[in-house]
Structures are given as C-alpha cells and as structure tokens.
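Dear colleague,

Please find the structure below, followed by a summary of what was found in it.

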Amino acid sequence: MIEGSGINTNSSGRFYIRTFGCQMNKNDSLLMQQLLADAGFEPTADPDSADIHIVNTCTVRQHAANRALSYIAGLKRWHDRGGRVLCVTGCLAQAEADEISRRMAHVDLILGTDAYQNIGDHIKEIIAKKVRLVDTRVSNETYCGIYHPAAGVADFVAIMRGCSNYCSYCIVPNVRGPARSRPYEDIRGEITYLIERGVKDITLLGQNVNEYRHNDLDFAGLLERVAKIPGTCRIRFLTSHPKDFSIKTVQVIEDYCNICEWCHLPLQSGSNRILSLMNRRYTKEQYLDLVRNIRDRIPQATVTTDVIAGFPTETDEEFLETIALLEQLRFDDAYMYRYSPRPGTKASELTPLAEEMIKERLSALIAVQTGIVKEKTHEMLGKEYEVLFESAAKQNGSRGKTRGNKDVVVRGHIEPGTIKNVVIKEIKGHTPIAEPVD
Ligand code: SAM
Ligand code: SF4
Ligand code: F3S
C-alpha cells in the first residue's frame, strides 16, 4: 500500500472504462464492468461525469504502451478536480506498476491482470481511507463463475488465460502468466447466459486456443461440445497457433455448420531461420501444409494472419520470403506490425534493425497485402453469403459479418441479430455492398 490520495468520500460511484489492446483486454473490461456492478457501482458512457476512471492498458508494442501512458497523463486534470479515483489495469499495469506509481501520483489504483476480483473492494478502500493501492499478484486466476454482460449480438468468451509459448519477441507470457484453461462447465454456463441475452456469434478466446486442455478435454473436443450447446448460432475462435492446430480441429469445423469457417493463423515470418529465432516452433513448410489442409477440406474457409516486419537480424532475402508467402497464400486479411523490442523478452537481447529499414519493410508488406485484399474482395462480387447483422452503418445502412469474418454493408435498416443471405452487388472502397436474397 502507498500513501497519499485525496479522494472525496461522497463519490457517487459512476465508473467509465477505457480499453486499449486486444480482444482479451476488451473481455477483461467487461469482466471488470460486471465485478464493479456487483460491488454497487454504476457504469457511465461519459468519462467526464465519471467518479472512477479505469484505463485498461496494453504493452504488446512500445507504441501501445506510449498511447496508454499519454492517455493516463492526460487524466491528471480530470483527477485534480477532486473526489475521483483513477485506476490503471491490464498488461502495462502488470509490467510497469512501480514506474507508473512513482511517476504518476494521480493514479490511485494499479491492478495487474490476475487481480480484478477485488476491484470493487479496492476502490471502496481508496475512497474510505484516502490511500493509493497496487495489486499485481500473480495467480492461477481464471475468473470462473463471472459472466460478463452481453456486449452486442457478437461477443467473446475466454476459454483460457495467459500463455506459455514464449515467442521470443512477445511480452504477453510475462504480463499474463502461464496458460490456464477454464473448465468446460463454466464456459458452457457463460455461453448459455449470453445466448439468453441475445448473443448470436460467440468467439472462444485465448492467446493460443489450440492449447486448451482441461482434464481430458482438448480444444477440438471443447469446440465440438460448444457446437452442441442449444441456441449457438455461430462459433469462432481466436487466436490459433500453427504449431498446435490439429487435423481433428479441422474435422470438427467441417462437421458442425454453426462453426464459422474462419481461421486466424499468425504466420509472423516466411523465413525458417527467423521463425526459429522467434521460437515459433513450426517451419514455413509446415505452415503451408496446414493452410493447404484447411483449404482442401473446407474450400470456403477464410484464413487471416499476423506478420512482423523487421525482426532483428532479418535479411533482405528473408524478408522477401515473407512477401513471397503472402503472395502465395493470399490471406483474406493480415495484421502487420513493425517489430518493437519489449523489455524482458529474448529478442530484446538482439540488436534491432535500423528503424528506417523496419518502416520500409512494413510499408512493402502493407502494399502487397492491400492489393491481395482488394482482389479477394472483388472476387466476392455476385456471390451469396450468410450475414449476421450487428449494427447500423452510415446513410441508414446496416453492417454485418459473413461467416468468414468479412464486413458487409446493406442499404436500409436490418435489425441487429438478424441472419440473412445476401448477394454482393458492388465494392465501395474496401467494403462489399450487398442486397438481401428474398
Ligand atoms: N497469441 C496470439 C499469437 O500467437 O499470435 C496473439 C498475440 S499478440 C497479442 C498479437 C500479435 O502482435 C502477434 O501475433 C504478433 O504478430 C504481434 N506482436 C507481438 N509482439 C510483438 C512485438 N514485440 N513487436 C511487433 N509485433 C508484435
Ligand atoms: Fe505471444 Fe506467442 Fe503467446 Fe501469442 S503464442 S501470446 S505471440 S507468446
Ligand atoms: Fe492483449 Fe496487449 Fe495484453 S495485445 S494480452 S492487451 S499486451
């Protein structure tokens, strides 16, 4: 415990959560929302009128850490108006609790990724005792039994937490601890709870879902059980690791029509030497075999990926191997990042490439992949897709997602939660514009 905050005990307890980072952090924010509601606090969508501001942070790349830090710094004036609690949670809080606490005196509460259970009690203690708190305990927390509020017609259910893979560039295992799987009964409980609240599309979430194991249940077995839960319209999963994606999983996707044919399979690099330095534990040949297998057995499957540009020691030739693989595999989409050294990771001991070179390589990757996405989007013209409508789009349109996770817009209002077959009539920018099939 550290001393010194001036919190007004008349705080009316309205909280606002700002989330940075990946789906796991978004899921954790909903988890905290539920925990805070259970503790008697009230959510607000207006940060200015909030008494409690929670900043759920990310530190996967330096840029993400900087964005969160400057957002927190910008809350000083809000906090200085008095009677307010500022709470920093998530991966950056776990990684840099001491630093944040020392440099930012307006932060009242710092909570690490396994320490959300007591968020309500911590805030009450801060308000009552005018103290500052830091809780970055490391535990086997899986937040069992806490079902988050439904976030729309498409939602996430965490099936595991943490990661034990230690890819050499990645800070996630350091800030989220080792992989832990959630028991099936708890996963089923949350899925059923969300279905009863109108959720139609559920993404099973984990840093490497293919490593899920609880007692004798592996990921393919879990996927099959989830597919049989009454009322599950659509099921997806995120993220897969190519080294663990089993043929049994491909078979389950093929067997159950409510499992969407979309695989997010981060490639990271097309060079075997770089993949080995990254500790990814597959070769490009194994990756190619896996994608071939998925596409042979499920021809309509979409495959998306993540790629890192400019990993330390990557040569021009090795970078060109990545470009060649993008051209060969023609991913439906790709998230591309410039390499960012992270403290405490193995790769951060290697000398980084020049910033300019990393930037150029990222631009080259983006140029190639943008062309491929454009071609693939145009290939959708005239074809029929099943779309789940999720929200309103500009100009009275409606936005939805295909089973392959592609955004589609239809003119006119369609109630969120409706599933309709549509035909793609035109492409505007990168967005397919469709008409419903009668
Ligand atoms: N668990 C997933 C996986 O295995 O790919 C996602 C992990 S991470 C949250 C999402 C992506 O960020 C990774 O796939 C990787 O491409 C990228 N990434 C992670 N660490 C990075 C780093 N230090 N620099 C650049 N990109 C990074
Ligand atoms: Fe990071 Fe690798 Fe784990 Fe993904 S699998 S979270 S990239 S260590
Ligand atoms: Fe996600 Fe960022 Fe943490 S990507 S796991 S919020 S470091």
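Which polar backbone atom is 2.7 Å from a nitrogen atom of ligand 1? The atom in question belongs to S340, and the pair is a polar contact (two N or O atoms within 3.5 Å). The protein covers 92% of the 560 Å² of accessible area that ligand 1 has on its own, with areas taken from the Shrake-Rupley method and a 1.4 Å probe.

This is a predicted model, in which local features need pLDDT of at least 70 and side-chain atom pairs count only at pLDDT 80 or more, whereas totals for chains, interfaces and linings use all residues. Residues are numbered from 1 along each chain as its sequence is written, chains are lettered from A and ligands numbered from 1 in the order in which they are written, and side-chain values use heavy atoms, with hydrogens and water left out.

Around ligand 1 there are 15 residues (a heavy atom within 4 Å), of which Y169, Q207, Q268, D306 and S340 come nearest. Oxygen atoms of ligand 1 also take part in contacts: one lies 2.7 Å from a polar side-chain atom of Q268, and one is 2.6 Å from a side-chain N or O atom of D306. Two or more residues of the shell come from each of strand 16 (302-309) and strand 17 (333-338); strands are DSSP runs of E with at least two residues, and helices are runs of H or I with at least four, numbered from the N terminus.

Helix 10 (residues 247-255) and helix 12 (residues 284-297) pack at about 25 degrees, their axes 10 Å apart; axes are lines fitted to C-alpha atoms over the stretch in contact, and angles run from 0 to 180 degrees between N-to-C directions. The two helices are therefore roughly parallel (angles under 35 degrees).

Kind regards

Terms used: A polar contact is a pair of N or O atoms within 3.5 Å; within protein, one must be able to donate a hydrogen and the other to accept it, and residues adjacent in sequence count only if both atoms are side-chain atoms. Angles under 35 degrees count as roughly parallel, over 145 as roughly antiparallel, 65 to 115 as roughly perpendicular and the rest as oblique.
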